[in-house]
Amino acid sequence: MPASAGGCTVPAELLAFQAPLPKLLAAVSQGKPIRIVALGSSSTWGAGATSRAHTYPVRLEQELRAAWPKSDVRVINAGVGGQLARHMLARIDKDVAPRRPQLVIWQTGGNDAIRGVPIAEYRQQLRTGVERLRALGADVVFIDQQFYPSFKKLKDGPLYMDAMREVAADLKVPLVQRYRIMQHLIASAQFTTATLLAPDQFHLNDRAYDCIGRLVAQSLRSVAAAPAPPPPAAPPSAEMAVHRDQAL
């Protein structure tokens, strides 16, 4: 069944997260203040938007505040234009750790692909980043590359998305499939590249940021609404074990 948010309709499977977010779930269920850091490059910072109010982190915060009114939800925009994954790794101690987030949404890969960072290095940087962010006590969500017309001319561009998918599956990191979401919005005639992208035909515009913010919020709400897994069964006590053995 298609999923719709703010006039942006995509197949439900594009929004389904295949891994849990236990830190976020605990904070929501307990009504604690929720801190989310949006770590990324220019499409997190908001290049192409007409103002800071139209960036995806702002739209995400608005959606989550409405969904979780008992929690003080704040989404901190830690996007810096032009950065590679390794630059973001270098900013974790300064831009992420002091916020003590339950969740970090990490958008990366586009600039690495454009600049031809060796894919093995990029893959390892993703792994290192997830390990460091989890060591801070945060869940991690990946956001992959944006869709734009000249992407198909980019050498090895799809391989960077493959690398992110592989790391996400291996480390059980939920993935926002931004490329496929944007591609669907255009292929389904809901938008054109002119109405979804900024004039540079690379960065997102206000409408696209709004869609991404709303759709990511929908994915997070679905995870938070899922029932917590039952605790593991306690091992039998020594007395019970003795009685069991005597009965055999």
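1. The disulfide between Cys8 and Cys211 is left-handed, because the torsion about its S-S bond is about -55°. A disulfide here is a pair of cysteine sulfur atoms within 2.5 Å. In this pair the sulfur atoms are 1.7 Å apart. The structure holds 1 disulfide. In general, a disulfide is a covalent bond between the sulfur atoms of two cysteines.

2. A word on the source. This is a predicted model, in which local features need pLDDT of at least 70 and side-chain atom pairs count only at pLDDT 80 or more, while totals for chains, interfaces and linings use all residues. Residues are numbered from 1 along each chain as its sequence is written, and side-chain values use heavy atoms, leaving out hydrogens and water.

3. Helices (H or I, at least four residues) and strands (E, at least two) are DSSP runs, numbered from the N terminus.

4. Are the two cysteines buried or exposed? Cys8 counts as buried, at 1% relative accessibility. Cys211 is buried too, with a relative accessible area of 2%. Buried means under 20% relative accessible area, exposed over 50%, and partly exposed in between (1.4 Å probe, protein chains only).

5. Look next at Arg100. Its phi is positive, about 50°, although Arg100 is not a glycine. Arg100 sits in the loop between α4 (85-96) and β5 (103-107). Arg100 counts as exposed, because its relative accessibility is 71%.

6. Gln201 also deserves a look. Its phi is near 55°, a positive value in a residue other than glycine. Where is Gln201 found? Gln201 is in the loop between α9 (193-196) and α10. Gln201 is partly exposed, with a relative accessible area of 27%.

7. Now the whole chain. The chain has 11 helices and 7 strands. Of its 248 residues, 51% are buried. The accessible surface of the chain comes to about 12,000 Å², and 57% of that surface belongs to carbon and sulfur atoms. Accessible areas come from the Shrake-Rupley method with a 1.4 Å probe; for residues, only the protein chains shown count as cover.

8. Last, contacts. A contact means heavy atoms within 4.5 Å. Among contacts in the chain between residues at least 6 apart in sequence, 75% join residues at least 24 apart.
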